[in-house]
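The following note sets out several local features for a colleague's attention. Each numbered point may be read beside the sequence and the coordinates.

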Amino acid sequence: MLASLDSFKCRASLAVGGRSFDIFRIAALESAGVGDVSRLPFSLKVLLENLLRHEDGRFVTRATITALAGRRAGDKSAQEIAIMPARVLLQDFTGVPAVVDLAAMRAAIQRLGGDPRRINPRQPAELVIDHSVQVDRFGEPTAFAYNAEVEFARNRERYAFLRWGQTAFRNFKAVPPDTGIVHQVNLEYLARVVFTEETNGSRLAYPDTLVGTDSHTTMINGLGVVGWGVGGIEAEAAMLGQPLSMLIPEVVGFKLFGALPEGTTATDAVLTVTQILRKKGVVGKFVEFYGSGLSHLSLADRATIANMAPEYGATVGFFPVDAETLNYLRCTARSAELIQLVEAYTRAQGLFREDNTPEPIFSDRLELDLSTVESSLAGPKRPQDRVPLRQSKTLFRRDLLAMLHGSASPSRADSIGRWIRDGGRPEAAPAELLQSDYIGQPAPAVALQLDGAGGELRHGSVVISAITSCTNTSNPAVMLAAGLLAKKAVARGLKTKPWVKTSLAPGSKVVTDYLKATGLMPFLEALRFHLVGYGCTTCIGNSGPLPEAVTAAIKKGELVATAVLSGNRNFEGRINPMVRANYLASPPLVVAYAVAGSMDIDLYNEPLGHDTDGQPVYLREIWPSQAEVKEALQQSARPEMFLKAYADVFQGDDHWQSLAVPAGDLYQWDPGSTYIKNPPYFDGMTKTPVPLTDILGARVLARLGDSVTTDHISPAGSIDAAGPAGQYLLAHGVTEKDFNSYGARRGNHEVMVRGTFANLRLRNQLAPDTEGGWTLHLPSREKKTIFEAAMKYQQENVPLIIIAGKEYGTGSSRDWAAKGPRLLGVRAAIAESFERIHRTNLVAMGILPLQFMPGENRDGLGLTGFESFDLLGITVGLQPGKKITIHAVGDDGVRKTFTAIARVDTPEEVEYYRHGGILPYVLRQLL
């Protein structure tokens, strides 16, 4: 690290247990008269220290430091700051393309006369292989071993490539598969909280900060570490030593007080927080939690809330370091020296929270009495749509009406549709609308046989019940609650319904250790919740195929089947293509719904099932008390479990060790590979960028609605054999059973570009009677797949644009949701609003995000998508927030003119766009 200019003379010494560290003392700014920094939110203090340590007169100046230090309540600063994270965190779905890009950059820099060995991570980069395991086998003791074997067979080529990266690149480490979920491994092992570094002959201490190629990187905020999700390409720039530009964020203070009541869990708290913050609107802002309620939340509870920051829209959901942080570090077997340093450093820097700590000065405030939280789910399509458990049956029926569209009683179809469109509340609906008669009966119960057991599927039948995802499996309290509920259910003779695909996919091996130590694992297994893998499974779309009989029944009855999962994502089409309604829930509720077998049930008043004497069993009878959970916690996660789990975390098993590793500084691309290919981002690249030009004669590739997710744009799940990507793989000799998933094939741009906008649930309004990746080629209006149409447009030299509604690109931080459109020829996206990370990714790939003016949208402007578009004002000079004039000419020759705001938000982003993206920009800096 280059020495800081230290204009404010903040460098000082800190003695800790006989050791001496240099630090950049934040309080010195207040002594110098530069703002009341002691009352800054804790998260901004961390950013301020980062600026002090990296002051170089170019990216970080006295002015930027002063602007941040002097921030006041209500400020909406236009000041750009440049943050250099201490490290970068990757998972394999997003990490593989990042390493592919680094390998491609090495090849490109050599072609341009540079040294390929200059392409290395400048910051520590750690990758956890966790997104590739799929639930192929479940409900039996051999499930884990089988799924792990299949995972290696499917992904051997990818894993060998990552092992090459370990040897070829400095500062890069990979955690092998079957270890855990990236965010839980980060929380339990990788996070330092306070970093140390030998620099210029001294030992420097500073806060651990990071960015990660997964939205849920924010989980680490629960440990007092500032970190957030970015696109893979932005993470690559950080790895290569480029600072991340951002505007000084507004910080919303969220006061928590009280304690969770009986019958609720941290999952219920996070679903409540998510709903409140989504309603408030915190996109692009920091949320910082404070108040006495923090002392009633375990570190795992805090991490659960922090994990869901992408769902409530914030950049971070931050919890400051306090006594509970230190307790967690002890529990997870961090060294005594580190724990001592964390306490001494954070106290010295005013970063240690106590109940009597003065309230920071926030931009805005919210509060929640934790005692008012109630048992909840979220769904059926968005994580912010909280469903109180007491209303779950009624609200399911309401949502089912919407999903069935016109299949309800014809005489009521108009009123039902109008009621739903108006955001009708259950109590405002005519009572008969919520009765089964008015749900309609397009599909009576469909009988099925599974392994000799009979059953019937109906609308609302739960066909997937998964304890999965980093959100909850990091939390011993909710995992033990699931085990305790299972124990009581088994004691009463309850069983899971035969049509339910059950799975247990913990985020680390510690989870199974403490479930076994408490004697609860056998009861989960008795309900068929066997271990299926250590990784991100159902939540990412790796739920695997449903049993054939279940799939056949769903198709036969055109049923709205449901999934219940302890995850953080439930967007339509994500969990499983056969499941239309997906609900997030706590692990014990996941178990309960597996027993009930249906979402169309009132768990407060209707029994889950009947015991061996034929007596009804209600959820309240088997729900574990807080005292029971606390007693189990005392027997659970212990430091020795963490020492054992992470003793050889980077070594891997025999599968990993036996991989053949290519050698050399340059990767030897295999032209026959269907997993790893040299991407075309640097083809034809020159040493200097070509001048920017206006976009003329553009056509609309897709006209989309609100809340189009990155899953819609670039699916991560199964590959349809009939689609362009499936046809490509078949043509290259890959059988359908070996397709793997889009996520696993992100290192092959040929597959990914063909999968762009290929989600089976995508609705392109340009082709209104279709679902999936279809569009109309213009002006011929010939129906084609989006890939086929884009290739024809490229032959015709026609640039493309996307038109969308609100929250375009919501969901996972998926770089291929920007890379894919760019390779299709998309030059701009015009939307009412953008999800934060996706907007950044678009700029990073040289796609111009344009936002309609306030109060305007595609419908109000009468944009059908059949027009030809000219986007003017780019050639004469692009600036942050510049208003771009747009002419849209219809087939009838009528011209509509409107303006849109260029969402290149910082001068640095303008540079990225001018260079054609962040990768060419960084490469040119290294030449």
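1. Surroundings of His-183. Leaving aside residues up to four places away in sequence, His-183 touches Leu-89, Asp-214, His-216, Thr-217, Met-219 and Cys-470. The model is a predicted one. His-183 belongs to helix α6, and its side chain reaches the backbone oxygen of His-216 at 3.4 Å. Because its relative accessible area is 4%, and buried means under 20%, His-183 is classed as buried.

2. Asp-178. This residue has a positive phi of about 65°, although it is not a glycine. Asp-178 is placed in the loop between β6 (172–175) and α6 (182–190); helix α6 is also where His-183 is found. Is Asp-178 buried or exposed? Its relative accessibility is 7%, and the limit for a buried residue is under 20%, so Asp-178 counts as buried.

3. Phe-757. A positive phi occurs here too: the value for Phe-757 is near 60°, in a residue other than glycine. The loop that holds Phe-757 runs between α28 (749–755) and β27. Phe-757 counts as buried because its relative accessibility is 0%.

4. Cis peptide bond at Pro-380. The bond from Gly-379 to Pro-380 is cis, and its omega is near 10°. Pro-380 lies in the loop that links β16 (376–378) and β17 (386–388).

5. Cis peptide bond at Pro-779. A cis bond is likewise present from Leu-778 to Pro-779, with omega near 10°. Pro-779 is located in the loop between β27 (774–777) and β28 (782–785).

6. Packing of α4 and α5. How do the two helices cross, and at what angle? The axes of α4 (residues 92–111) and α5 (residues 143–168) come within 11 Å and cross at roughly 55°. The crossing of α4 and α5 is left-handed.

7. Residues at the α4–α5 contact. Helix α4 contributes Asp-92, Phe-93, Val-96, Val-99, Val-100, Ala-103 and Arg-106. From α5 come Arg-158, Phe-161, Leu-162, Trp-164 and Ala-168. Sorted by class, the contact of α4 with α5 has 9 nonpolar and 3 charged residues, with no polar ones.

Terms used
Residues are numbered from 1 along each chain as its sequence is written. This is a predicted model: local features need pLDDT of at least 70, side-chain atom pairs count only at pLDDT 80 or more; totals for chains, interfaces and linings use all residues. Side-chain values use heavy atoms; hydrogens and water are left out. Helices (H or I, at least four residues) and strands (E, at least two) are DSSP runs, numbered from the N terminus. Buried means under 20% relative accessible area, exposed over 50%, partly exposed in between (1.4 Å probe, protein chains only). Axes are lines fitted to C-alpha atoms, for helices over the stretch in contact, and angles run from 0 to 180 degrees between N-to-C directions. A crossing is left-handed if the near helix is turned anticlockwise from the far one by less than a right angle, and right-handed if clockwise. Contact means heavy atoms within 4.5 Å. Ala, Val, Leu, Ile, Met, Phe, Trp, Tyr, Cys and Pro count as nonpolar, Asp, Glu, Lys and Arg as charged, and the others, Gly among them, as polar. A polar contact is a pair of N or O atoms within 3.5 Å; within protein, one must be able to donate a hydrogen and the other to accept it, and residues adjacent in sequence count only if both atoms are side-chain atoms.
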